[in-house]
Amino acid sequence: MFSGELENPNPTVYEVAQLKRDDLSLEDEDSIDPFDALEIFEMIRTINDPEHPFTLEQLNVAQRDLIKIDNENNSIFVNFTPTIPHCSMSTLIGLSIRVKLLRSLPKRFKVDVKVTPGSHASELQVNKQLNDKERVAAALENQSLLQVVERCIRPK
Amino acid sequence: NMSLSLISSLEGHEDRVWHCSWSPDGKHLATCGADRSVRIWGLESENNWVCVGSIDSAHQRTVRQVAWSPDSRYIATASFDATVLIWERTSSGFENVATLEGHDNEVKSVAWSRSGLLATCGRDKSVWVWEADSDDVDTEYQCLAVLTEHTQDVKMVRWHPQQDVLASCSYDDSIKLWVDQDDEWYCVGTLTSHTSTVWGIAFNSDGTMLASCSDDLSVKIWRPTAISAQGQPLWTNVCTLSGYHTRTIYSVDWSPSADVLATGGADDTIRIFAITPADRTISAGDEGKQVSGELVLSVPHAHASDINAVAWNPKQDNLLASVSDDGLVKIWSYKP
């Protein structure tokens, strides 16, 4: 699964945009440490693609506009866009995003990670697997899979 | 003045607690989780629940579920390490007396029937039925059947409270019922109505109703509404409770003394539903079989994270246990 020819040998690489907090209005200042989409994006933009020497940000797999936050209900919704609709790495990418957020966010947050609607041929299956916490827990007890995830989320 | 009040919040597990199970005599609660341990909780004095035993490093990986034998003498543990272990309660603790091997990978559930049969299920999409074969010295467990009709991993197995009827639920969104006829186990019903993973199932105390809970955010009640040509009850969905839980519902359990359900899930909330009417007869025809359910109580923030299991004490009326990703085991008193 992780060797041999690349599925998408020449992915489009995007310029990494300057990150600014310009259009983000300050949220309720009385609430405890509210998060915004930019902060969540900062957590996942440096995740490495499993097969290319680029980050999820550089491949436009992760985008700030695909992150939604409901601080009141402590829920975070992250979409990601695989570079090709048959990408077999999608589950691994989603798992890496999930693990990175699990380790970076306070425990009170509920996180949904899903592929951007219409961006993957097996959208429902990928989403169902990624949001089944028992499968995620079992996958993360698998040492070889965990190592692959660690490689993805380790900053270069 | 209905209420669910907290009696005890029990610390001890070092990670997510996945499951809890009361001993049939109602005296002990067993819990298990990602810290690979099993803990046993008992009453020290009035309303004072304490840890009275534990099995540390019971398995190589997460202990997903724990079940008691009908005589409260043994517990069975199902683990992601692909094994099921049987432990005997001795004066000095718990002793591993048998190992059930056969599943390809994660075992997700184990259940003991009233007659002493064991059922297990897991990620390999199969349901196994086991029988204890004892002589004076040893007990060995023989596999009676490997049932492979689910198309995805099987999340939970539960036995009917009186008969050797087994129910299983799955990531394939279905529930299946299994019986033994002439030493052959086969599927007598596939219950489809849920639109996502069915995480939990529970029979009520007399076995006339089955409740299920799902990632589709609904709880469903199933009853036998007809008899098949082979003489088997045909179960159909007679009630759907939706619009309450806002995230995946992981657990459902019937009160032993009333048609009352407790549910828990990823919205950190425990809910209590009253189910009516309670017409117990099984006969052909749909008339009078419709059931209605009403939310009677909702406890938001019952835990600080996902609630993975809720279970009513089988003997002490209105005592409910819950376990969570927050690592806590809680005991509640329900006043109807």
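Here are some friendly notes on this predicted model of chains A and B, point by point.

1. **Ground rules.** Residues count from 1 along each chain as its sequence is written, with chains lettered from A in the order in which they are written. As the model is predicted, local features need pLDDT of at least 70, side-chain atom pairs count only at pLDDT 80 or more, and totals for chains, interfaces and linings use all residues, while side-chain values use heavy atoms, leaving out hydrogens and water.

2. **Chain A overall.** Chain A holds five helices and three strands, taken as DSSP runs numbered from the N terminus (helices H or I, at least four residues; strands E, at least two). Their order from the N terminus is α-β-β-α-β-α-α-α. Of its 156 residues, 45% are buried (under 20% relative accessible area; exposed is over 50% and partly exposed in between, with a 1.4 Å probe and protein chains only). Looking at contacts (heavy atoms within 4.5 Å) between residues at least 6 apart in sequence, 64% link residues at least 24 apart.

3. **Helix 2 of chain A.** Because 11 of the 15 residues are buried, helix 2 is largely enclosed by the rest of the structure. Among the buried ones are Leu92(A), Ile93(A), Arg98(A) and Lys100(A). Their cover includes helix 1 (37-44), strand 2 (75-80), strand 3 (110-115) and helices 3 (123-130), 4 (133-140) and 5 (143-153) of chain A.

4. **Phe54(A).** This residue sits in the loop between helix 1 and strand 1 (67-70) of chain A, partly exposed at 23% relative accessible area. Phe54(A) and Lys156(A) are 102 residues apart in sequence, yet their C-alpha atoms are 9.8 Å apart in space. Beyond neighbours within four places in sequence, Phe54(A) contacts Val13(A), Ile47(A), Asn48(A), Asp49(A), Leu59(A) and Lys156(A).

5. **The A-B contact.** Chain A gives 14 residues to the contact and chain B 24. About 1,600 Å² is buried between the chains, 39% of it on carbon and sulfur atoms; buried area is the accessible area (1.4 Å probe) that two parts lose on being put together, summed over both. On the chain A side, Lys110(A), Lys133(A) and Glu134(A) lose the most area, together 43% of what that side buries.

6. **The second largest pocket.** Its space comes to about 1,200 Å³. Of the 45 lining residues, Trp22(B), Arg158(B), Trp159(B), Asp253(B) and Pro314(B) lie nearest the centre. Strands that each supply at least two lining residues include strand 2 (17-22), strand 14 (154-159) and strand 22 (249-254) of chain B. A pocket here is an open set of points on a 1 Å grid over the protein atoms alone, where a 1.4 Å probe fits, with protein on both sides within 12 Å along at least five of seven lines; lining residues have an atom within 4 Å of a point.

7. Ser21(B), in strand 2 of chain B, is buried at 13% relative accessible area. Leaving out residues up to four places away in sequence, Ser21(B) touches His28(B), Leu29(B), Ala30(B), Val66(B), Ala67(B) and Trp68(B). Gln232(B) belongs to the loop between strand 20 (219-227) and strand 21 (233-241) of chain B, and counts as buried at 14%.

Methods: Grid points are joined across faces, edges and corners, and a volume is the space filled by probe spheres set on the points.
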